[in-house]
Structure formats: C-alpha cells, structure tokens
Amino acid sequence: MAARLRLGVAGAAGIPFAAAAAVGTVVAQFWYVAHRPLPSFTDLDPDGVFGPGSAPEVRLVLLGDSTVTGPGLERRDDLWPRQVARRLAGDVRVRLSSVAVGGSRVRDVLSAQLAEAQELRPHVAVVSVGANDAMHGTRLRRFEADLDALVDAFGEAGSQVVLAGVGDLGNIPRLVHPLKALASRRSRQFDRAHARVAARHDHVVKVPVAELTDEQFRARDVFCPDLFHPNGAGHTAWAEAAYPFVSEALAQARA
C-alpha cells in the first residue's frame, strides 16, 4: 500500500531529495492512520423497492465503493441512495439494486461490477468511485480512461449515468497532516476527472458533491466512530446533493 501511494504522489524516479523525504513522511502518516485501533464496520445492502406497486417501475443500479454501502451506519435506510430512492418514488416504483463493494477502485468497478450491473438493465446507473483511487495512488490518467470506458458501456446499452464525484477527502477526521493536504489535492484532481468524463457524454451527469457538501463535512460529527466513513447526517448531506441529478437522469431515461 505504501509503495502504491509513493508512486501516485511522487510519479517517476528522479524527484528531488526534499520531495522524496516529504513523500516518505506522507507514506508513514498513511500507514499510521490505516493501522490506528479504531472500529471497523461491514458493508450494508442498499437494495430495495420503493413506491406504489401500481406505478411504472424504473431501475436504478449502484456501482462503486463504501460511499454506496455505508459501513458504520446504524440503519441501512440512512444510506444516501435509499434516501434518494424514497424521494423519487411517487409516480414511479423504484427498484434499487447495488453491485457496489467497499474498498473498490475504478478498475474493480470496470472489471467486476459492470457486467452484473448491465444485466440488471438499469434506466439509471449511479457510479460512486474515486476516493480509494485518490488515496491509494491510482494514476489520474488511468482513472479517467477507466471511468470513460465505464460510462461508454452504459451509453451503448441505453442507460443514463450519474457520476457521484469525489468530495474533499481532507475533511476526514482520521487523516492527519500532511496527509490532509495531500488528500484534498488528490480528491480535487479526481473530482475534476469525473467532470471531464461527464462533459464528454450526453447521457452522463455529475454531482458537484464537493461544492454542495463541503460545509457539512468540515464538522467531525457527520462521521462514524471509525472517523472515516460518514454517519447518517453525512449520508443525508450526500442525498440532498445527489437527488436533483438522479432525478434529472431518470427524467431523461423515461423521455
């Protein structure tokens, strides 16, 4: 893990000694926060059906990482995708299905989640990935290319896509300086990659999650006891940010 982070931060060989020392400090900090004796939680299952049985059914499929599966939440109804699905359900019946797995990076979504998600024939695919790529040294160009391939596949199948973006990871209480500054910079880079991919595809919208949730996530009390994953209040902030964009994508899918 440390080697991957070093590669993602420093890039090619030949960096100045001072920069190498700084990278070594960041790696040491990352090892420390990753091994602190804090609680560990399991993924939750977002699947469910929402709305009246007599209404036309729409299918939402979730792909991604623990930003979808909500480890540390007390109730799975607090998961932001379930909050969004409840708000969408009215004149439609929303069938929410998830293939997301905590800890996933975009290459995992592309190789292990995409095929299963496509079999579900979603009207809308919601993709929430990038935090683990940003923290674990995925090269930005590789991330963007894989994300492009992912949304391309859904476009060919006629599905709309919502990219959830990447929030400011520097707000995570579990991280310490100088890792906070690095996490903020990396998350901004990966969030901009989401925006570039969305701009290239007519069937894709992106949630400006960093802009819409930054104020809430500066507070420690929106995080679970692991000091890493959002709690119910954090998921509500995500739901408020995502709802208009998922609603827009669903309207496009039904047009």
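**Entry 1: the sheet**

I started with the sheet, an open one of six strands with mixed pairing, in the order S1-S3-S2-S4-S5-S6. Two strands count as paired if DSSP finds at least two bridges between them. Strands here are DSSP runs of E, at least two residues, and helices are runs of H or I, at least four residues, both numbered from the N terminus. Which strands stand at the edges? Strand S1 (48–50) and strand S6 (204–206) do, each with a single partner strand, so one side of each has no neighbour in the sheet. From one strand to the next, the twist averages 20 degrees. For axes and angles I noted that lines are fitted to C-alpha atoms, for helices over the stretch in contact, and that angles run from 0 to 180 degrees between N-to-C directions.

A note to myself: this is a predicted model, where local features need pLDDT of at least 70 and side-chain atom pairs count only at pLDDT 80 or more, while totals for chains, interfaces and linings use all residues. Residues are numbered from 1 along each chain as its sequence is written, and side-chain values use heavy atoms, with hydrogens and water left out.

**Entry 2: strand partners**

Next I went through some pairs. Strand S2 (residues 57–64) runs parallel to strand S4 (residues 124–128), and five bridges join the two.

Then I checked which way the side chains of S5 go. In a regular strand the side chains alternate between the two faces of the sheet. In S5, Gln 160 and Val 162 point one way, Val 161 and Leu 163 point the other way, and all are buried. Buried means under 20% relative accessible area, exposed means over 50%, and partly exposed is in between (1.4 Å probe, protein chains only).

**Entry 3: helix H4**

How many of the nine residues of H4 are buried? Seven are, so H4 is largely enclosed by the rest of the structure. The buried ones are Trp 80, Pro 81, Arg 82, Gln 83, Val 84, Ala 85 and Leu 88. I wanted to know what covers them, and the cover includes S1, S2, helix H3 (66–69), S3, S4 and H10. Contact here means heavy atoms within 4.5 Å.

**Entry 4: H4 against H10**

I then looked at H4 (residues 80–88) beside helix H10 (residues 232–254): they pack at an angle of about 45 degrees, with axes 8 Å apart. That makes H4 oblique to H10. The cut-offs are under 35 degrees for roughly parallel, over 145 for roughly antiparallel, 65 to 115 for roughly perpendicular, and the rest is oblique. The crossing of the two is right-handed. Handedness works like this: left-handed if the near helix is turned anticlockwise from the far one by less than a right angle, right-handed if clockwise.

On the H4 side the contact uses Trp 80, Gln 83, Val 84, Arg 87 and Leu 88, and on the H10 side the residues include His 235, Trp 238, Tyr 243 and Leu 250. By class, I noted nine nonpolar, five polar and two charged residues in this contact. Nonpolar covers Ala, Val, Leu, Ile, Met, Phe, Trp, Tyr, Cys and Pro, charged covers Asp, Glu, Lys and Arg, and polar is the others, Gly among them.

**Entry 5: H9 against H10**

How do H9 (residues 209–217) and H10 cross? Their axes come within 10 Å and cross at roughly 160 degrees. That makes H9 roughly antiparallel to H10. This crossing is right-handed. Val 209, Leu 212, Thr 213, Gln 216 and Phe 217 of H9 meet Gly 234, Ala 237, Trp 238, Ala 241 and Phe 245 of H10. I found seven nonpolar, three polar and no charged residues there.

**Entry 6: Ile 172**

Is Ile 172 buried or exposed? Ile 172 is buried, with a relative accessible area of 6%. I found Ile 172 in the loop between S5 and helix H8 (179–199). Leaving aside residues up to four places away in sequence, Ile 172 touches Lys 180, Phe 223, Leu 227 and Phe 228. Leu 227 is 55 residues from Ile 172 along the chain, yet their C-alpha atoms are separated by 6.7 Å.

**Entry 7: whole chain**

Last, I looked up the totals. The protein chain has 10 helices and six strands, and 52% of its 255 residues are buried.
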